[in-house]
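Here is a short note to read beside the model.

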Amino acid sequence: MPDSKLPDSKSPDSKSEHAKAGFQYSLSNLKPAAPVDKVTISFPDGAKREYPRGTTGFDIAKGISPSLAKRTVAMALNGDLADLNDPIDEDAKLELVDRDDPRALELIRHDCAHVLAEAVQALWPGTQVTIGPVIENGFYYDFFRNEPFTPEDFAAIEKKMREIIGRDKPFTKEVWDREKTKQVFRDKGEAFKVELVDAIPGEEPIKIYYQGDWFDLCRGPHMTSTGKIGNAFKLMKVAGAYWRGDSNNPMLTRIYGTAFAKQEQLDAYLKQIEEAEKRDHRKLGRELDLFHFQEEGPGVVFWHAKGWSIFQALIAYMRRRLAGDYDEVNAPQILDKSLWETSGHWGWYRENMFAAQSAGDEAEDKRWFALKPMNCPGHVQIFKHGLKSYRDLPLRLAEFGVVHRYEASGAMHGLMRVRGFTQDDAHVFCTEDQLADECLKINDLILSTYSDFGFEGELTVKLSTRPDKRVGTDEMWDHAERVMATVLNEIKAQSNHVRTEINPGEGAFYGPKFEYVLRDAIGRDWQCGTTQVDFNLPERFGAFYIDADGAKKAPVMVHRAICGSMERFIGILIEHYAGSFPLWLAPTQVVVTTITSEGDEYAKQVLAALRRAGLRAEIDLRNEKINYKVREHSLQKIPALLVVGKKEAETHSVSVRRLGRDGQTVMPTAEAIAALVDEATPPDVRRRQREAA
RNA sequence: GCUGCCGUAGCUCAGUGGUAGAGCACUCCCUUGGUAAGGGAGAGGUCGACAGUUCAAUCCUGUCCGGCAGCACCA
């Protein structure tokens, strides 16, 4: 195998031809030639030029200016990134990509992953390499090795990586024969690579990229040399990951890293991670006394008074939004397992359900009951109770339903993934004709709710289609997916900050669904709401209504949630607001405190007035310095602090200090309370007030 | 569930093969101070649980429980 290669792996003959041709057809010297030998290249500025067929991006760049060639790391042909030394065989739009081009970032990261792999193999020979793709904020590489890596190894690996980058060897590409490739990797003991070669579709070329002596199977593209990666990279963490993402396969060791074009960008990214850690809801939940978990209840929340206050504010908000359209119901927590057999859950999801039976040895009823993992079967029972007419439809049943699911131990994560949670669930029973309208009505409710909570960023609605594990006929699925696709288009047409996507195979087992993904204050995406169309469950349970023609018909059932899990939604809110809740949600909205004990009586009067006005107010009469009390309530993220001293008591005023702002304003107490009451008005109530006015 | 790491006071964390410490928080005392930490004293721990090794285990070994980071899963 050649150890040092020119940047172009084609035959030397064709190479020199290109070089000559490139010279001949340089900028100022375009000469006609046989059309079959030429390609027309269009440049971003609109200019078009002809080049010999098979010329490379590098040749073109060099023809324009050597310094351009030097700083160009890759090219984009008709918008697709490619190796700069790829021959261009067809007319194309060409963009030369330098390190600062946003598109170069994925190349920097991908190249960095290759360098990581070389470094690891240099340090620990015998380690098998597998795959190393670019991901959202960096890259990873999966290795197979008996000894796991630890973060303590990072310094050594990074040092070796800098060495490899410093050597600045060109990335060169060869296309290998499939069998030869497998033999080479087999000889090297790279069993995983052999499997990867086998997985490449027959018609695709087997591409090998060299960086000096080291090479890897790779789809590419890469930059021109390792030196272009630069110095702004960092290994982040080490973790296990299954080979090919399948839990039946062996577990590999994954090293995560990130890389940027510039050090400032890397620093900014690391800073952002730090910021995200500061608003971790588990940390804030403890600091702000909102909730806790403990060993006896893995995955179930102990809500403290302040956290529960947020929970209640959230439910109160949702109840106001449902009023008039929905009927709120409440279905039992545990039901005989036969009901779950009918629904299909016992068959599909038994492993993830909690079951209960009498704990008494002598109990006469030893039936198995299941804790509800979903509210839908309960709601179908309510629908079935009493004969329904088409005139009753759409019938919308809502429940703040507490459900339990036995989540895998490793899946649990603070409030975000728990074993017992409350869904803001509802099921709409309707006719097929009403289906599209109902979906759109739910869409309005979801979008306006997110906006009320200050999620103003981009929103994604994903349509998930039939999974492998499913019930119902293909005709049912065809129909349901058709309706949903139409609705999706309508959703997109209605709003300008909504993006839509299709998620093939991700639907629920009983029907396709929409998933609503909101973006929080620091740009993270969270899937919350969902609308699921179900042509199966009503039939399975024998639910029907009497249609206008007197015939029995199965209603269509729409499952929908806005927040999804209230617990999780509060977790998201905590991180979104970084614990500084808007006044209408804040557990304690205002604290009254004193400068000296002389103010106690007046402070109590102010407190009483605040509470009469409906505000969640507390008082702090502790014998502490005002500095200390201000600090403490600021750390507790109390939105408003009313300080009263001798002066305020004499003038019936308060000194108002707002969280996040320096200084304070003295104003008449009545005026301060009125302003707070106004600000504490929930956004939906305010909207209604405005509409009424 | 899998891989790796972790579990000491309410919180953040030191520490040791001879049954433990700091800061903050807490309680009491002094201090009445005008907007992000005033001072002093005190109380607080079966060192996650259970086995094993040892004269002796919080420390070593094993199992279990719980957590963290990923992966897998998410009706």
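1. The side chain of Arg282 places an N or O atom 2.9 Å from a phosphate oxygen of RNA strand B. That is a polar contact (a pair of N or O atoms within 3.5 Å; within protein, one must be able to donate a hydrogen and the other to accept it, and residues adjacent in sequence count only if both atoms are side-chain atoms).

2. This is a predicted model: local features need pLDDT of at least 70 and side-chain atom pairs pLDDT 80 or more, while totals for chains, interfaces and linings use all residues. Residues are numbered from 1 along each chain, chains are lettered from A and ligands numbered from 1 in the order written, and side-chain values use heavy atoms, without hydrogens and water.

3. Backbone atoms also take part. An N or O atom of Ser597 lies 2.8 Å from a base oxygen of RNA strand B. For Asn627, the partner is a sugar or linking oxygen, at 3.4 Å.

4. There are 52 residues around RNA strand B, counted as near if a heavy atom lies within 4 Å. By class, 21 are nonpolar, 17 polar and 14 charged. Helix H19 (626–635) gives the largest share, 7 residues.

5. Is His427 buried or exposed? At 1% relative accessibility, His427 is buried (under 20% relative accessible area, 1.4 Å probe, protein chains only). His427 sits in strand E24 (residues 420–430). Its side chain makes a 3.1 Å polar contact with that of His559.

Definitions and conventions. Helix = DSSP H or I, 4+ residues; strand = E, 2+ residues; numbered from the N terminus. Nonpolar A, V, L, I, M, F, W, Y, C, P; charged D, E, K, R; others polar. Buried < 20%, exposed > 50% of the residue type's maximum accessible area, 1.4 Å probe, protein only.
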